[in-house]
Structure formats: C-alpha cells, structure tokens
Amino acid sequence: MSLRQVANWARQAAAWVAAWSLGLVFALFVYGVAMRYLFNRPQGWVDEAVIILSVWSTFWTAAFVLRWPENIAFDVLFANLGPAAQRAALLFGCTAFVVLMGTALPGLVDYTLFLWRERSDTLQLRLDVVYAVFPAFIVVIVLRLCFTIAALVGPGWQDELSRWSAAAPEDKA
C-alpha cells in the first residue's frame, strides 16, 4: 500500500467521522427543539453538546477532509497571476502562516492545557478536552503547509500549483 493510498484511506475515514458527527449534531438539534417546543421540557445539555460537536466537526473537517481548493478564498488576484507569480505568492503565504502559527503554537497549547481547571457549564467536560481540537487543527494545517512548501520548491512545483486551483484534476466530475 503506497503512501498516497494510505492518505486517501485516512481522508475517507476522516470524512466518515465528520459526516457522522454532523449527523449527530443535526439529530441532537432536532431532539432539543422537539423537547423544548413540543414537550416544554428544554434540555440544556443538548445546546452545549451541539456547540461542542459543531466546533469539533468544523475543525476536524477543515484539517483532515477539505482539499485546498474546497476552502473559501478570495483569490481574484491570485487567479490572474502567472504560474511563477502564483508560486511565489503561495510560497510567501504558506511560509508566513507556518512561521506565525509555529510561533503562536506554544502559547496556544499552553493556554489550552491551562484550561484543565475549568469545566463546561452543563456537561461538566474539562475545557482542555473541549478546546483540544484547535491546537490539533493548527498542527495539521501547519504540517500540510510544510508539505506544500516542500512541493513548491521542488522540481514538480507545477503539479502542486495545479492542486491549488479550483479546477484541479482530482476535483473534476
């Protein structure tokens, strides 16, 4: 099994986890609305669970499932640049993000670990566990961008550049 096959399998597994968690968010939301408005018995824990699962689902999906062109971006200027300028812009942007987030990461992790003292209001979950997804998200995005930087400085940089366009071959139907 090649590294690309493992990566594709991992992305599919992450997509299933994301889909199930969003399905659970929807089911809990419907349950919460029904309990509140049909049975006049609001369930406070449902609101908190929906919020936590929504945050986890969002960062999980962004880190492990979405490809770069699937993210919302304002790329009017980028799309009108030539390939060499696009490469330079991507190298600059990716490097700047890696440096900034790499610099901020120790403080982010330290603060997240500090939150073990606090608990969520209703479910009484430790807040370091609740917010652990954000440092994990930053680490995964920084690693992905490091791979992008390596590909952009390598001989096959055109292939990497094509993956960033909205019409990437793997996304065509």
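Six aromatic pairs are counted in the structure, where rings of Phe, Tyr and Trp (its six-membered ring) pair if their centres lie within 6.5 Å, and where planes under 30 degrees apart count as stacked, over 60 as edge-to-face and the rest as tilted. The pair F134 and F137 is stacked, because the ring centres are 6.1 Å apart and the planes stand at 25°. The model is a predicted one, in which local features need pLDDT of at least 70 and side-chain atom pairs count only at pLDDT 80 or more, whereas totals for chains, interfaces and linings use all residues. Residues are numbered from 1 along each chain as its sequence is written, and side-chain values use heavy atoms, with hydrogens and water left out.

Both F134 and F137 belong to helix α6, where they are three residues apart, about one turn of the helix; helices (H or I, at least four residues) and strands (E, at least two) are DSSP runs, numbered from the N terminus. With a relative accessible area of 32%, F134 is partly exposed, while F137, at 15% relative accessibility, counts as buried; buried means under 20% relative accessible area, exposed over 50%, and partly exposed in between (1.4 Å probe, protein chains only). Together with F59, the residues F134 and F137 form one aromatic cluster.

Pockets were located on a 1 Å grid over the protein atoms alone, a pocket being an open set of points with protein on both sides within 12 Å along at least five of seven lines, at points where a 1.4 Å probe fits, and lining residues having an atom within 4 Å of a point. Grid points are joined across faces, edges and corners, and a volume is the space filled by probe spheres set on the points. The largest pocket holds about 850 Å³ of space and is lined by 21 residues, of which A7, R11, R144, F147 and R163 lie nearest its centre. Helices α1 (3-38), α2 (44-64), α6 (133-153) and α7 (157-163) each supply at least two residues of this lining, with α1 giving the most, seven residues. The lining of the largest pocket comprises 12 nonpolar, two polar and seven charged residues, where Ala, Val, Leu, Ile, Met, Phe, Trp, Tyr, Cys and Pro count as nonpolar, Asp, Glu, Lys and Arg as charged, and the others, Gly among them, as polar.

The second largest pocket has a volume of about 610 Å³, and of the 22 residues that line this pocket, W68, N71, A73, L90 and W164 lie nearest its centre. At least two lining residues come from each of α3 (76-79), α4 (83-114) and α6, and the largest share, five residues, is from α4. By class, the lining of the second largest pocket has 18 nonpolar, three polar and one charged residues.

Two further residues were examined individually. In helix α7, E160 is buried, with a relative accessible area of 8%, and its side chain makes a polar contact with the side chain of W164 at 3.1 Å; a polar contact is a pair of N or O atoms within 3.5 Å, of which, within protein, one must be able to donate a hydrogen and the other to accept it, and residues adjacent in sequence count only if both atoms are side-chain atoms. Not counting residues up to four places away in sequence, E160 touches T148, A151 and L152, contact meaning heavy atoms within 4.5 Å. Q43, in the loop between α1 and α2, is likewise buried, with a relative accessible area of 19%. The side chain of Q43 reaches the backbone oxygen of R41 at 3.1 Å, and, not counting residues up to four places away in sequence, Q43 touches Y31 and M35.
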